[in-house]
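User: Hi! I'm new to reading protein models and would like to go through this one by asking questions. Could you show it to me?

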Amino acid sequence: MGTAVLLAGFAFAPQPVLLVAPDGRVRGTNRRAANLFALDEGDSILDIAAGGRRAIADTLGKAATCSLPLPVALNCAGRRMLFTAWRVAGPLSPEIPLLVLQGDESGRMLHNLAAVDLQTDPTEGADPTWPRQKQQDMAAEAARLRRLSETDHLTGLLNARGLAARMRRDLAAPTAAGVVLYADLNGFKALNDRYGHAAGDAVLRAVGAALRDVVGGAGVAGRPGGDEFVLWCPGQDTDGLARLLSQTERAVAAPVSWQPPAGGARVALRATASVGGAAAPEDGATLDELLAVADARMYRCKSQRRAG
Amino acid sequence: MKPAGPPTWTPTAEDFFADIVGGLAGTLQDVAGLEGAAGFVASVGTELGRQVSRAYGADTDCSDAEAIAAVLVDFKRRVGGSFQVAEITADQIVLTNGDCPFAQRVEGRPALCMMTTAVFGRVTADANGYARVHVDKAIATGHDHCRVVIALRRDDDIGAQGHEFLA
């Protein structure tokens, strides 16, 4: 009696609904669930548990002894579908506990997650019951986190991850062209040792700002780590590379006026850089090929500087 | 690479794991909603409640409200909470708490309160045969303390607040 009354209530619900006993035996399904699962009365949902028979049996046992709605996962045509299981109370289930499994949250959760995917319209495919403002807030937060994950926090330039993503994207075009410069500061450790890390950080920030000015709107600058900087200017050719090399060396050499945090006289900190460059497609077509060439040329420049 | 300096964040193991749990609950609540997140937390809390019952022998040796309350207070004290008994009658136990084991991580994350609800509910039901747990006030929702009411007798009033637990 109780099962029939309950099923009548759920018969036309848009979500799949199953009535099960605490041991997982099916006592009935609504139309939507009947279309999704080939389950007859008496069959066990333990056979279609997505997380294993033991796990779902344990959860059903918990749900049968409390009024909390608990999550369970079932396999549906090879896909995991989330359900909420709760105990039926009162006269509809007087003899043995019955559990209602309602498959609703899966779609909601997946759609809500899709709303923060930056590759898609943040509102497309999202659960329409979610307020639009909430969806936009989540998309904005996801964009902010992505920017943070690709930013060098000392200089505000791209970090290694951000640089690689940008260069790979630009180089993906069949006719991609561009130049990359690899700059490594000379004597940076000695500067750090003499004036301290605060002075070193001031130089890195100043060099970062200067290199941002060098590329302007023609490309991006990044600090993949330590005292190394990379410039990437898509669309530039070997003439542009030569020009950027000299501009980079001049920009780095500009003195940085720095005052120790504890006070005292201001000091003019001076840095120089060894710079190597590579051009696509002449020197390579991939990120790794171009950086390897630019890196080798940078080291050659550094060796020549040390030699003489 | 620049030589590593002294870290600016040096958490204890307890802080670190509390941060992980608090972060997971917050993310789950943001994505799945409060009810969805509470279900996941409750599932874990129910299992922990079973373990607490077994550990204290509460499923066999507790026979009165005072003994049950003592188990709940002692367990919470051991995990960093400071619940106190505010009231004990034959019908209910009322416990209050001035600081949460999750500290400020719980603010805005009431899904974590389901951990307390489930543990208290499971332990009490294992000992008493029935419990209905209602978190009346919660630091997570902006109160300056938590107040948890545990009803020990079944109330057929459909409007009775809280989550029920059976033995």
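This is a predicted model: local features need pLDDT of at least 70, side-chain atom pairs count only at pLDDT 80 or more; totals for chains, interfaces and linings use all residues.

Analyst: Let's start with one pair of residues: Gly225(A) stands opposite Glu228(A) in E8(A). Residues are numbered from 1 along each chain as its sequence is written, chains are lettered from A and ligands numbered from 1 in the order written, and side-chain values use heavy atoms, without hydrogens and water.

User: Which residue in the turn of the E7(A) and E8(A) hairpin has a positive phi?

Analyst: The two strands form a hairpin with 2 residues between them. One residue in that turn has a positive phi of about 50°, and that is Gly226(A).

User: How many bridges join E7(A) to E8(A)?

Analyst: E7(A) and E8 (residues 228–234) run antiparallel. They count as paired if DSSP finds at least two bridges between them. One bridge puts Gly222(A) with Val230(A) of E8(A). The count of bridges between E7(A) and E8(A) is 4.

User: And what is the bridge partner of Leu181(A) in E8(A)?

Analyst: E6(A) and E8(A) pair in the antiparallel sense, over 7 bridges. In general, strands of a sheet pair through backbone hydrogen bonds, either parallel or antiparallel. For Leu181(A), the partner in E8(A) is Leu231(A).

User: In what order do the 4 strands of the open sheet come?

Analyst: The pairing in this chain A sheet is antiparallel. Its edge strands are E7 (220–225) and E11 (272–280), each pairing on one side only. From one strand to the next, the twist averages 20°. The order is E7-E8-E6-E11.

User: Is E8(A) mostly covered or mostly open, and how many of its residues are buried?

Analyst: Buried means under 20% relative accessible area, exposed means over 50%, and partly exposed is in between (1.4 Å probe, protein chains only). E8(A) is mostly covered. The number of buried residues is 5 of its 7.

User: Which helix lies across E6, E7 and E8 of chain A?

Analyst: The strand E6 covers residues 178–186.

User: Why does Thr155(A) count as buried?

Analyst: Thr155(A) is found in the loop between helix H5 (132–149) and helix H6 (160–171) of chain A. Leaving aside neighbours within four places in sequence, Thr155(A) is in contact (heavy atoms within 4.5 Å) with Leu204(A), Arg205(A), Arg212(A), Arg223(A) and Phe229(A). Thr155(A) counts as buried because its relative accessible area is 9%.

User: What residue makes a polar contact of 2.5 Å with the side chain of Thr155(A)?

Analyst: A polar contact is a pair of N or O atoms within 3.5 Å; within protein, one must be able to donate a hydrogen and the other to accept it, and residues adjacent in sequence count only if both atoms are side-chain atoms. Here the contact joins two side chains, and the partner of Thr155(A) is Asp152(A).

User: What about loops: where is the cis peptide bond that has omega of about 10°?

Analyst: One of the two residues, Pro281(A), lies in the loop between E11 and helix H10 (287–307) of chain A. The cis bond joins Ala280(A) and Pro281(A).

User: How are H3(A) and H1(B) oriented to each other?

Analyst: H3 (residues 53–64) of chain A and H1 (residues 13–56) of chain B pack at about 85°, with axes 11 Å apart. Residues making the contact include Asp58(A) and Lys62(A) of H3(A), and Ser43(B) and Arg50(B) of H1(B). Angles under 35 degrees count as roughly parallel, over 145 as roughly antiparallel, 65 to 115 as roughly perpendicular and the rest as oblique. So H3(A) and H1(B) are roughly perpendicular.

User: What pattern does chain B follow along the sequence?

Analyst: Chain B has 4 helices and 5 strands. Buried residues make up 44% of its 167 residues. Read along the sequence, the pattern is α-α-α-β-β-α-β-β-β.

Methods: Axes are lines fitted to C-alpha atoms, for helices over the stretch in contact, and angles run from 0 to 180 degrees between N-to-C directions.
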